[in-house]
Amino acid sequence: MKSRLGISVGILGAAAYFMGLLSGYVVLALLVGYVLLFEENPWLRRTAVKAIALTLALDVLCAIVGLIPDTVDLIDSLLNIFEDDFTLHVVTRITGFLTTAVRYGGKILLLFLGFNALHQGVVRIPVVDKLLDKHM
């Protein structure tokens, strides 16, 4: 099936995942906006929204993990007022590892979904698909 641009919807869906992986939010948001405004294919619309939802979810997860060392730094700064120390370097190392693991796993997931989208495949990710079912 062809999109209004004249390319297959599979390529456009894969582009959405790859833009989430490679370009950041501006190009991805433009692509998703185009799909939502001008394309009628339900698979393509869902794929585009899923791409931006996954990209946002991965960044939010990394931000949440990043709050852990920030909390330790806050406690350390508070205790420094009273000339005491509370530095836990192992927490910073663990959260650095977790952030790297989430980013790596997210890149692998977006690559897999992008190549799967070339054939208009559907991979269910329960948390994201549940949100999409509720709000689309």
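Colleague: At what angle do the axes of helix H2 and helix H3 cross?

Modeller: Roughly 155 degrees, and the axes come within 9 Å. H2 is residues 25-38 and H3 is residues 42-81. That makes H2 roughly antiparallel to H3 (over 145 degrees; under 35 is roughly parallel, 65 to 115 roughly perpendicular, the rest oblique). Axes are lines fitted to C-alpha atoms over the stretch in contact, with angles from 0 to 180 degrees between N-to-C directions. Helices are DSSP runs of H or I, at least four residues, numbered from the N terminus.

This is a predicted model: local features need pLDDT of at least 70, side-chain atom pairs need 80 or more, and totals for chains, interfaces and linings use all residues. Residues are numbered from 1 along each chain, and side-chain values use heavy atoms, without hydrogens or water.

Colleague: Which residues of H1 meet H3?

Modeller: Val9, Gly10, Leu12, Gly13, Ala16, Tyr17 and Gly20. Contact means heavy atoms within 4.5 Å. Their partners in H3 include Trp43, Leu44 and Lys50. The H1 and H3 axes cross at roughly 10 degrees, so the two helices are roughly parallel.

Colleague: New topic. Is Thr95 buried or exposed?

Modeller: Buried, because its relative accessibility is 5% (buried is under 20%, exposed over 50%, partly exposed in between; 1.4 Å probe, protein chains only). Thr95 sits in helix H4, residues 89-117.

Colleague: What does the Thr95 side chain reach?

Modeller: The backbone oxygen of Thr92, at 3.1 Å. Leaving aside neighbours within four places in sequence, Thr95 is in contact with Val65, Ile68 and Pro69.

Conventions
Polar contact = N/O pair within 3.5 Å; in protein donor to acceptor, adjacent residues only side chain to side chain.
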